[in-house]
Amino acid sequence: WASIGLPLPAEVTSDLGLAHSVPGPYFYYPASYWPHKNHRVLIDALQHMSETTAHLVFSGHDEGHRARIEDYVRQRHLDNRAHFHARITDEEVQGLIDGSKAVVMPSFLGPTNYPPLEALRRGRPAIVSEVHSYDFGVAAGLTVVESNSPEAWGREMSASMRKNSEPYNWQF
């Protein structure tokens, strides 16, 4: 990520409707349903978490992979903890970011994905894969995890569940 020269979209008012529909604390992954976005590591991470109340919320354009991800969830009997949405409004995205325990970005490709930067701008934590790099160094609220390790994702997501969910003040 480059915090200088990477124009973030203008902030919008949050629509918390979808956020309030999730029946427990959740992690949000706004990404199109492509294999390189690595949704499966998050699904596997749920099985490595001691917190059985954690949910995953996904949103994005179906690039022909969503049905396989949903099948993967069903095979692991996690249907009640994973929530799938197509493309949603910018306001709904912001609402899901605001209501999340953290924005997660396990993508195999980077380094410029907007959702973690949007989360940090809004005072929400972001957990990202090691392919992400940034010119501002380590930041409060940002955690880097190995992209292929469900155990590591589960450990960091569990740590986020235990942290205070009050927004922090971070500037870039």
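The structure is a predicted model, in which local features need pLDDT of at least 70, side-chain atom pairs count only at pLDDT 80 or more, and totals for chains, interfaces and linings use all residues. Residues are numbered from 1 along each chain as its sequence is written, and side-chain values use heavy atoms, with hydrogens and water left out.

The protein chain contains 6 helices and 6 strands, where helices (H or I, at least four residues) and strands (E, at least two) are DSSP runs numbered from the N terminus. Read from the N terminus, the order of elements is α-β-α-β-α-β-α-β-α-β-β-α. Of the 172 residues in the protein chain, 52% are buried; buried denotes under 20% relative accessible area, exposed over 50%, and partly exposed in between, with a 1.4 Å probe and protein chains only. The protein chain exposes about 8000 Å², of which carbon and sulfur atoms supply 50%. These accessible areas come from the Shrake-Rupley method with a 1.4 Å probe, and for residues only the protein chains shown count as cover. Contact is taken as heavy atoms within 4.5 Å. Among contacts between residues at least 6 apart in sequence, 74% join residues at least 24 apart.

Helix H2 spans residues 39-46. Because 7 of its 8 residues are buried, H2 is largely enclosed by the rest of the structure. The buried residues are His39, Val41, Leu42, Ile43, Asp44, Ala45 and Leu46. Their cover includes strand E1 (26-30), strand E2 (55-59), H3, strand E4 (102-105) and helix H6 (150-162).

The axes of H2 and H3 (residues 66-75) come within 10 Å and cross at roughly 15°. H2 and H3 are therefore roughly parallel to each other, a class that covers angles under 35 degrees, whereas those over 145 count as roughly antiparallel, 65 to 115 as roughly perpendicular and the rest as oblique. Their contact involves His39, Arg40, Ile43 and Asp44 of H2 together with Arg68, Ile69, Tyr72 and Val73 of H3. By class, these residues comprise 4 nonpolar, 1 polar and 3 charged; Ala, Val, Leu, Ile, Met, Phe, Trp, Tyr, Cys and Pro count as nonpolar, Asp, Glu, Lys and Arg as charged, and the others, Gly among them, as polar.

The axes of H2 and H6 come within 8 Å and cross at roughly 65°. On the H2 side the contact is made by Val41, Leu42, Asp44 and Ala45, and on the H6 side by Pro150, Trp153, Gly154 and Met157. This contact divides into 6 nonpolar, 1 polar and 1 charged residues.

Serine 147 occupies the loop between strand E6 (142-145) and H6. With 5% relative accessibility, serine 147 counts as buried. Beyond neighbours within four places in sequence, serine 147 is in contact with Asn38, Val41, Pro106, Ser107, Phe108, Ser129, Glu130 and Trp153.

Leucine 18 lies in helix H1 (residues 17-21) and is buried, with a relative accessible area of 18%. Not counting residues up to four places away in sequence, leucine 18 touches His85, Ile88, Glu92 and Leu96. The C-alpha atoms of leucine 18 and valine 93 are separated by 8.8 Å, although the two residues are 75 apart along the chain.

Definitions and conventions: Axes are lines fitted to C-alpha atoms, for helices over the stretch in contact, and angles run from 0 to 180 degrees between N-to-C directions.
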